[in-house]
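Student: I've got this model open on my screen. Can we walk through its pocket and its aromatic rings?

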Amino acid sequence: MNTNAPKVFRARRVITPNGEVAASVVVRDGRIAEIVPFDAPVDATDIVEVSDDAVLLPGLVDSHVHVNEPGRTAWEGFATATRAAAAGGITTLIDMPLNSIPATVDVAALREKRSVADGQCHIDVGFWGGAVGDNLAALPALAEAGVFGFKAFLLPSGVDEFCHLDAAQLEAAVRAVADIDATLIVHAEDPAVIDAAPQPHGPIYADFLASRPTEAETRAVRTLVELAERYDARVHVLHLAAACALPLLAAARARGVRITAETCPHYLTISAEQIPDGATEFKCCPPIRNRVNQQGLWNGLRDNVIDSVVSDHSPSTVELKRAGGGDFGKAWGGIAGLQLGLSAVWTAAPDWAGLTDVVHWMATAPADLVGLNHKGRIAIGADADLCVFAPHEEFVVDAAALQHRNPITAYDGRTLRGVVRSTWLRGEHITGDHPRGRLLQKGV
C-alpha cells in the first residue's frame, strides 16, 4: 500500500470545530492534510463517498472505560472492548486502572497491562494510573511512564486490590498531582454520607437509590473544589449523576479553580422511573436518578458546567450482574454501554443540542482532558479518526448482538436513533478483523 497516496472522505455534512460544513477531507499518512469544499477537485483515486443521509464525525474519545484485562478478562478484555468501541464510533479509549489484576498503581503493573494489550486493540488505547494511598511516591514514575493521570476513590471501590483514599490521603494525592502537573480523576461520593444512608438490599430500585443519596455527591464535590483551589491542582469529577452539585462546580470555575466534570449516557437517557424492580443490569454507582435530575444534567451540559460525556463502561459477567436474583445489594454495579453511547445520547438529546454539541462532549472534550489534541476533531493535522453516522436511522438494541464480551446491558430492548455505519482509524477502515490500534502515552 502506498501510504503517501491521499484518501478523500467526501460528505455533504462534516462536523468540524467550526461547525457543520460540506467538505472533502483529504488524508495523507493517517492524518488530515486538507479540508476543502465538497465539490473541489482532488487528486486521489481512493475516495470514500459518504451518503447524503449520513454525517462524517470525528472518531469519539472515551476517557472512562474499564477493560478489566489482565486478571478479570472474563468480564471484558482489550479485543472485545476495542471492537465494541469501534462499532460505536469510538477510535480512542483510556483504560481505568482498576478491575484488572494487578491494578495499574506502579510502573510494573502498567508494563504488564501494556504487554497484554499489545496486538489486541482495534482502536488506540491509553491508560490511567491509580492513586491508592500507599503508592503516592510512585506517581511521578507512573507519569513519566506515560499514564494520562490518576484515579482515586473516596470510598471502597468494590475490589480489594484498589484501595480508596481517606481524607488525609486525598489531600496528599491532590498535592502530589499538583506538584507534577498531572490530573486527579475522582469517584466523588462522600463515604460518611453513604455510611449513614440505608444499606442497599433487596429488589426495589427506590431502596437502592436511597442508599446513594445526592448529598454524597455534593459533599464530595465540595471537598474536591476546596482541595483543587488550595493546591491549584487539576481535578476531574467522574460520572457526575447528581445535578444539585452543578452550582458548586460553576462557582468554582468562575473563580478559576481547575476542576472539570463528566457525566455518562445512562444518566442522560435512562431515569429512575423507568427502572423495574429487580433489574440489576441498571445498577451503577452513583445511581441513575429521576427525570428532574436528568434534566438538570442536560442543563449542565448546555451551560458548559459539565464538560464531557463518556461511557464508564463497567462490565462484568452475567452471573455477577444478576447475583442475588435481582437483589441490588448483591449484584455487581456498572453499566455496559461502550458501543451504544453515541446513539443513546443522540436519541435523548433535547432540541437545542445538535451533532456539533454531541461531538464536542463525546470527542473533543475528552481528548482535551487527556491532552490528545490530535484526536477528537476533524481538523488539519489531526489523526484521520472518523465515524460515518446515520442520525435518522433507528435500531432496537439486542444485548446478544453487541461486541462487548458479556451479553447484558441496561439498553437491551431500547429503540435508539442514530447508527454508526463505519469507523476509521488514521484513515483505515476498522473491520474488527485486524487490530491496528496503538498504545498511547501521554506526551508522546
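Student: How much space lies in the largest pocket?
Tutor: Keep in mind that this is a predicted model. The space in its largest pocket comes to about 610 Å³.

Student: And which element gives the most to the lining of the largest pocket?
Tutor: The lining has 32 residues, with P156, S157, G158, R212 and C285 nearest the centre of the pocket. Two elements give two or more residues to that lining: strand 10 (150–153) and helix 5 (191–196). The most, three residues, comes from helix 5.

Student: What kind of pair do the rings of F78 and F127 make?
Tutor: By the pairing rule there are 10 aromatic pairs here. For F78 and F127, the ring centres are 6.2 Å apart and the planes sit at 70°. Planes over 60 degrees apart get a name of their own, so at 70° this pair is edge-to-face.

Student: Where in the chain do F78 and F127 sit, and how many residues apart are they?
Tutor: F78 belongs to helix 1 (residues 78–87), while F127 is in strand 8 (residues 124–127). Both residues are buried. The pair links distant parts of the chain, 49 residues apart.

Student: Is F162 buried or exposed?
Tutor: F162 pairs edge-to-face with F153, with ring centres 6.0 Å apart and planes at 75°. Buried means under 20% relative accessible area. F162 has 1% relative accessibility, so it counts as buried.

Student: Which ring does the charged end of R72 sit over?
Tutor: Elsewhere, R10 lies over the face of F38, 5.9 Å from the ring centre. For R72, the charged end is 5.2 Å from the centre of the ring of W75.

Key
Residues numbered from 1 in each chain as written. Predicted model: local features only at pLDDT ≥ 70, side-chain atom pairs only at ≥ 80, totals over all residues. Heavy atoms only, no water. 1 Å grid on protein atoms, 1.4 Å probe; cavity = no way out; pocket = protein on both sides within 12 Å on 5 of 7 lines; lining within 4 Å. Points joined across faces, edges and corners; volume = space filled by probe spheres on them. Helix = DSSP H or I, 4+ residues; strand = E, 2+ residues; numbered from the N terminus. Phe/Tyr/Trp six-rings, centres within 6.5 Å; stacked < 30°, edge-to-face > 60°. Buried < 20%, exposed > 50% of the residue type's maximum accessible area, 1.4 Å probe, protein only. Lys NZ or Arg CZ within 6 Å of the ring centre and 35° of its normal.
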